[in-house]
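Biologist: Please take me through this model, and set each term against the definition behind it.

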Amino acid sequence: MNLSSFIYKSKFYKNPVIRKLISLSLRITYLFDGAKDKKICGCSLVKYVPSEYRKTMGATGSQSTCYWVLDSIFKDASIAENDRFIDVGCGKGRVIAYMLWKKYPCSLTGVELNDSVASYAKKWTQKFDNTNIISGSAFDLDYNDYTILFMGRPFEPEVFYTFIDKLENELTHPVRLYYWVDQQSGDHLNDRDGWTMLKREYTFVSHGLFMSRTPQRYSVWTYDPHEK
Ligand SMILES: C[S@@+](CC[C@H](N)C(=O)[O-])C[C@H]1O[C@@H](n2cnc3c(N)ncnc32)[C@H](O)[C@@H]1O
């Protein structure tokens with residue numbers, strides 16, 4: 001059990017003093033993230049943008065994933081030059097910034113529903129040859145064009161289930177899925193034909209600071225349509 005899983009189980013983060021420490025930690029974490037954004041992208045990706053499509057499309061708001069969380073998620077990731085990576089619901093492009101910083105050699109695509117948020121991501125990514133931001137719905141793409149998918153909880157659970165149906169109906173080759181904040185809907189993939197879980201962990205504390213208000217879980221999967 002890692003430290004974050006332990007904290008999740010002990011529920012000590014509900015203590016009012018700890019809640020104050022969490023708020024302070026988050027301020028420091030956002031400062032750190034904003035500074036790193038500026039180095040990589042030339043602008044900050046920190047500011048949260050609420051979704052106009054929550055009721056109609058089960059879309060979550062644009063919140064950028066913290067760099068230290070991405071460090072945990074991609075800790076053992078093997079990503080090759082011929083991989084094609086997509087962030088499904090890329091927001092302002094924090095995950096793409098992270099991949100650029102790590103110098104992962106593959107193509108990096110993001111699809112984003114909120115047009116103004118997509119434009120923001122398009123603007124800073126245009127100086128990088130291996131990036132592409134698509135403004136539109138994740139439901140309009142063919143995921144046979146990609147080998148690695150990242151999802152930072154873009155959808156409410158019912159919409160996530162529909163998205164998984166789409167993948168299962170359309171994919172003709174294996175893909176890997178990184179699913180961040182999977183605790184509401186990630187269990188949908190447990191014991192499902194074709195899906196194999198590679199890793200599942202909680203994140204909460206890094207570098208002595210809290211990275212979120214409560215512990216959050218992620219999982220890494222492969223999906224092979226031939227094993228269905
Ligand atoms: C929580 S943010 C995650 C941003 C980024 N992936 C990250 O982890 O830093 C989720 C994003 O998914 C987008 N989204 C929700 N539904 C979508 C859809 N159907 N198609 C494309 N993007 C969508 C939202 O607009 C929001 O910007």
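Modeller: In strand E2, Thr109 is the bridge partner of Ile86. This is a predicted model: local features need pLDDT of at least 70, side-chain atom pairs count only at pLDDT 80 or more, and totals for chains, interfaces and linings use all residues. Residues are numbered from 1 along each chain as its sequence is written.

Biologist: What makes E1 and E2 a pair of strands?

Modeller: Strands are DSSP runs of E with at least two residues, helices are runs of H or I with at least four, and both are numbered from the N terminus. Two strands pair if DSSP finds at least two bridges between them. Strand E1 (residues 84-88) and strand E2 (residues 107-112) have five bridges, in the parallel sense, so they pair under that rule.

Biologist: Why are E3 and E6 called edge strands?

Modeller: The open sheet has seven strands in the order E3-E2-E1-E4-E5-E9-E6, with mixed pairing. Strand E3 (131-135) and strand E6 (195-203) each pair on one side only. Neighbouring strands of this sheet are turned by 15° against each other on average, direction ignored; the axes behind such angles are lines fitted to C-alpha atoms, for helices over the stretch in contact, and angles run from 0 to 180 degrees between N-to-C directions.

Biologist: What makes helix H5 mostly covered?

Modeller: A residue is buried if 20 or more other C-beta atoms, placed from the backbone, lie within 10 Å of its own, exposed if 12 or fewer do, and partly exposed in between. Six of the eight residues of H5 (residues 94-101) are buried, namely Arg94, Val95, Ile96, Ala97, Tyr98 and Met99. Lys103, which follows H5, has a positive phi, near 60°. Across the protein, buried residues make up 39% of the 228 residues.

Biologist: How do you know that the protein is as compact as a globular protein of its length?

Modeller: The protein has seven helices and nine strands. Its radius of gyration is 17 Å, close to the 17 Å that the globule rule gives for 228 residues, so the protein is as compact as a globular protein of that length. The radius is taken over C-alpha atoms, and the rule is 2.2 Å times the number of residues to the power 0.38.

Biologist: Which residues come nearest to the ligand?

Modeller: Ser62, Gly89, Gly91, Gly152 and Pro154 come nearest, of the 26 residues around the ligand. H5 and E2 are the elements that give two or more residues to this shell.

Methods:
Near = placed C-beta within 6 Å.
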